[in-house]
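Please look at the sequence and the model before reading on.

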Amino acid sequence: MSELTPILRQYHEIKSRHKDAILLFRLGDFYEMFYEDAELGARELELALTARHRGTPNETPMCGFPAKAADSYIQRLVKRGHRVAICEQLSDPKESRGPVDRDVVRIVTPGTATEDALLEPKANAFLASIYSTKKGYGAAFVDVSTGEFHVLEAREMQELLDAVAQFAPKEILYPEDSPCRLTLEGEDDPAYTPLPPDLFRLKDAERSMREQFEDPAALEASGVVKRPLAVQAAGALLSYLRRTQKRPLPHLREVHVLEGAAVVLDSTTQRNLEIFRNLQDGGTAGTLFSVLDRTETAMGGRLLRQWTVRPLAHKREIEARLDAVEEFLKKPTERGAFRERLERILDIERLTGRIAMSTANARDLAALRVSLEAVGPLRAMLAPFRSSLVETLRDALDPLEDVHALLGRALVDEPPVALREGGLIREGYDAGLDERRTLQRDAKKYLSDLEARERRATGIDTLRVGYNRVHGYYIEITKARAAKAPPHYERRQTLVNAERYITPELKEYEAKLLGAEDWSREREYELFCSLRAEAARHAERLLRTARALAALDALAALADAAHRFGYVRPRITEDSRLEVRAGRHPVVERIAARDGFVPNDLKLDNDSRQILLITGPNMGGKSTYLRQAALLVLMAQMGSFVAAQEAEVGLVDRVFTRVGASDNLARGQSTFMVEMSETANILRSATTRSLIVLDEVGRGTSTFDGVSLAWAIVEHLHETPGVAAKTLFATHYLELTELARVLPRVQNAHFTAKEWRDRVIFLRKVEPGAADRSYGIHVAQLAGLPESAVARAREVLRNLEEGAFLLDGSPALLQGEHRPAAARTEQPSLFQEVETDALEALRKANVEEMTPVEALAFLAKLRDGLPNRRKKG
Ligand code: ADP
Ligand code: MG
């Protein structure tokens with residue numbers, strides 16, 4: 001190691017402090033990676049791996065990329081779950097002897113990215129921190145890019161899992177001595193980052209919180225201080241942010257405690273209802289969010305996403321949103337104008353995040369300026385609105401005229417991306433800058449004046465003033481006339497047929513001019529930084545405005561969806577009734593638009609229609625009907641209008657959906673195991689205010705097991721006090737429909753299929769009562785299964801229903817006239833003979849003359865002659 005060059009020595013020193021990250025080491029215009037980082041980087045980024053000191057014992061693998069293109073490379077590394085430590089040159093290479101000062105200025109991790117390239121515009125990027133003890137759990141969730149900060153203290157693991165499902169963090173922090181790998185379901189696994197346990201100690205965590213929230217009153221008011229586990233998680237998270245971001249985060253000054261204000265959608269429910277991702281390919285097409293998200297801004301999109309995954313639990317809040325949506329719906333002109341103007345608003349929330357963290361560039365400030373311009377007019381457009389939520393939000397819109405005016409004065413119209421090359425600051429903003437610029441602008445004229453003057457003075461009419469990069473400014477005279485150069489001309493350079501000179505005057509001017517350029521560049525950068533710092537001082541106002549805009553955008557978007565898709569305002573009640581007239585599945589109706597969607601009614605309550613068992617043929621529409629019910633409730637409780645002609649929604653506290661294991665082989669666990677553990681969770685957590693959707697639960701095992709489990713689950717939901725939730729249960733086990741006879745709050749409903757011009761037509765209309773026993777055979781017949789096979793199926797079915805086995809123990813399924821010939825001949829003849837003998841004896845028996853004892857003996861003899869297949873008990 002002693003042989004290392006100073007630069008590599010510096011590298012090793014820095015790397016030793018950042019072992020868990022890929023170190024990007026700034027060398028001039030490049031970021032370089034060395035050793036294992038180089039090998040990893042070359043692989044991940046498809047870069048050529050080279051080496052320094054090749055062939056020596058100090059051979060050092062390296063690869064790199066130009067600093068200009070850094071964003072996209074860093075993005076690729078972070079997207080793949082790596083942490084990237086960015087090491088910059090901190091002193092000017094021109095001014096330092098020895099290696100330039102370098103250090104890591106920031107560590108980009110999956111959960112702390114703030115660059116647009118690393119973020120989805122319409123989705124938050126949360127960083128989570130989790131702390132667990134025997135007493136309970138603490139969790140914190142922060143979106144560094146937007147400044148949102150939530151904490152949770154939970155007794156139950158499930159509560160924690162639900163919160164994690166809701167925020168879908170990109171990265172999860174935990175104390176390294178208590179490995180807390182959550183079994184999360186979801187397409188994107190988060191990155192897990194262990195932290196030193198000290199960071200989670202209450203004392204340290206409290207200090208860390210106080211450092212961030214300079215105003216103790218605000219912290220007190222948030223209620224977080226009364227929740228030590230939440231403080232521990234949050235404090236550790238803030239320490240982590242300080243370590244990785246290495247800069248103040250003034251936009252993170254408001255913390256919000258999560259508690260029972262929302263309906264919980266666990267991750268399975270989110271997936272089964274296809275809220276954000278479809279089940280086919282995990283894409284966003286065909287999802288509830290894709291239908292509802294008609295927002296104009298990224299901020300509005302993110303907020304609507306949060307509303308969708310966190311429907312409200314309280315009537316008052318829901319009604320407030322519904323009032324606002326209704327008003328936007330009833331004022332189509334204002335809505336149209338408002339939404340059109342909103343389009344010009346950029347992501348003020350994330351711009352503010354970058355401004356606060358000093359990572360914003362001049363384009364970001366220009367984007368903020370453009371956005372602020374629209375705030376005043378937007379506010380004015382809302383003047384006619386009377387609903388209290390819109391009024392509150394309107395009053396929260398602050399056009400920040402001071403900040404806007406400052407940006408207007410200071411920043412040019414279209415600033416470049418680079419911050420250190422000038423061209424950022426407007427004329428008239430800074431006197432010193434203006435003076436230098438005048439000097440530069442006047443240089444051309446000055447030099448041509450000088451040329452004219454010198455020509456006159458020397459009488460050399462070919463004398464020329466010029467500039468070259470190496471020698472600077474010069475006066476050039478051809479060789480032929482060089483002799484006439486005045487004595488104060490100092491020779492600078494000799495060419496083949498000309499001499500170049502410099503004069504004291506020109507030298508002085510040159511110094512002034514070149515100095516002015518450097519000075520201006522430096523000055524512009526300084527001015528930009530203080531401009532950014534000034535804007536950062538208003539982070540709180542900016543965020544308040546951004547969030548009000550987001551909410552208005554989301555409300556207007558819901559109104560737009562209601563208008564476009566013909567939704568109605570749901571009636572929200574606090575009793576148990578869920579009643580929908582002509583309800584539609586909001587997503588399927590968009591896709592099925594061509595053939596027309598068949599609306600259906602639904603009625604559930606806790607008194608006589610608690611559990612609805614839905615039967616009917618495959619493809620009949622059962623699953624759609626189930627999901628439709630859940631989606632309409634969610635829509636209503638997020639404050640949206642719903643896809644129905646009329647809807648009354650008794651508030652629910654949770655929505656559970658489970659789908660029988662069938663095609664979820666992609667997941668690691670036994671699918672039936674998953675199905676059952678999910679069902680177990682429902683039976684544990686459901687309350688009488690929950691809505692449960694069970695789709696073919698029990699399918700993942702054998703028929704008898706499946707029926708038995710399904711039966712027991714329905715009984716449990718019906719009979720257990722406190723768990724008796726409203727339930728929709730679609731099943732292909734017709735046996736279950738018998739439950740309606742014995743359990744008073746269980747009702748049957750079914751879907752049917754009919755034949756129409758040689759085609760099977762699914763009516764998709766829900767009807768009361770259980771499905772016809774032979775619907776499957778009926779559908780098979782409609783589908784063109786040969787008549788003989790259909791007739792045979794009916795026979796087998798009848799046999800099945802009459803009892804599983806014959807007297808001789810052979811399966812009753814075999815019996816019937818429609819058996820194919822082959823099946824008949826394969827029939828074991830032994831059984832037939834024994835059976836015939838027994839029947840013969842029975843036929844001949846003179847029962848009328850037997851005493852009871854004789855009859856018993858006869859029966860016993862008959863029985864003993866039969867092969868005994870069925871075991872007793
Ligand atoms: P099941 O669960 O009974 O097998 P699905 O609910 O999966 O049936 O429905 C099958 C297909 O029928 C769906 O993909 C959908 O396209 C269509 N469908 C379902 N319900 C309706 C409806 N009410 N109106 C029109 N098409 C429907
Ligand atoms: Mg189905």
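Helices are DSSP runs of H or I of at least four residues, and strands are runs of E of at least two, numbered from the N terminus; axes are lines fitted to C-alpha atoms, for helices over the stretch in contact, with angles from 0 to 180 degrees between N-to-C directions. The model is predicted, with local features needing pLDDT of at least 70 and side-chain atom pairs counting only at pLDDT 80 or more, while totals for chains, interfaces and linings use all residues. Residues are numbered from 1 along each chain as its sequence is written, chains are lettered from A and ligands numbered from 1 in the order written, and side-chain values use heavy atoms, without hydrogens and water.

Q: Are H12 and H14 oblique or roughly antiparallel to each other?
A: The axes of H12 (residues 332-342) and H14 come within 10 Å and cross at roughly 170°. Angles under 35 degrees count as roughly parallel, over 145 as roughly antiparallel, 65 to 115 as roughly perpendicular and the rest as oblique. H12 and H14 are therefore roughly antiparallel.

Q: How many charged residues has the contact of H12 with H14?
A: Glu-334, Ala-337, Phe-338, Arg-341 and Leu-342 of H12 meet Glu-373, Ala-374, Pro-377, Leu-378 and Met-381 of H14, where contact means heavy atoms within 4.5 Å. By class, 7 of these residues are nonpolar and none is polar, and the number of charged residues is 3.

Q: How is H13 oriented relative to H14?
A: H13 (residues 348-356) packs on H14 (residues 362-381) with the axes 10 Å apart and an angle of about 140°. That angle makes the orientation of H13 to H14 oblique.

Q: Which residues of H15 make the contact with H19?
A: H15 (residues 388-396) and H19 (residues 539-565) pack at about 145°, with their axes 8 Å apart. On the H19 side the contact involves Arg-544, Thr-545, Ala-548, Ala-551, Leu-552 and Leu-555, and on the H15 side it is made by Leu-389, Val-390, Leu-393, Arg-394 and Ala-396.

Q: Which residue has a polar side-chain atom 2.6 Å from an oxygen atom of ligand 1?
A: The residues around ligand 1 (a heavy atom within 4 Å) include Gly-621, Ser-623 and Thr-624. A backbone N or O atom of Gly-621 lies 3.0 Å from a ligand 1 oxygen, and a side-chain N or O atom of Ser-623 is 2.7 Å from an oxygen atom of ligand 1. The residue at 2.6 Å is Thr-624.

Terms used
A polar contact is a pair of N or O atoms within 3.5 Å; within protein, one must be able to donate a hydrogen and the other to accept it, and residues adjacent in sequence count only if both atoms are side-chain atoms. Ala, Val, Leu, Ile, Met, Phe, Trp, Tyr, Cys and Pro count as nonpolar, Asp, Glu, Lys and Arg as charged, and the others, Gly among them, as polar.
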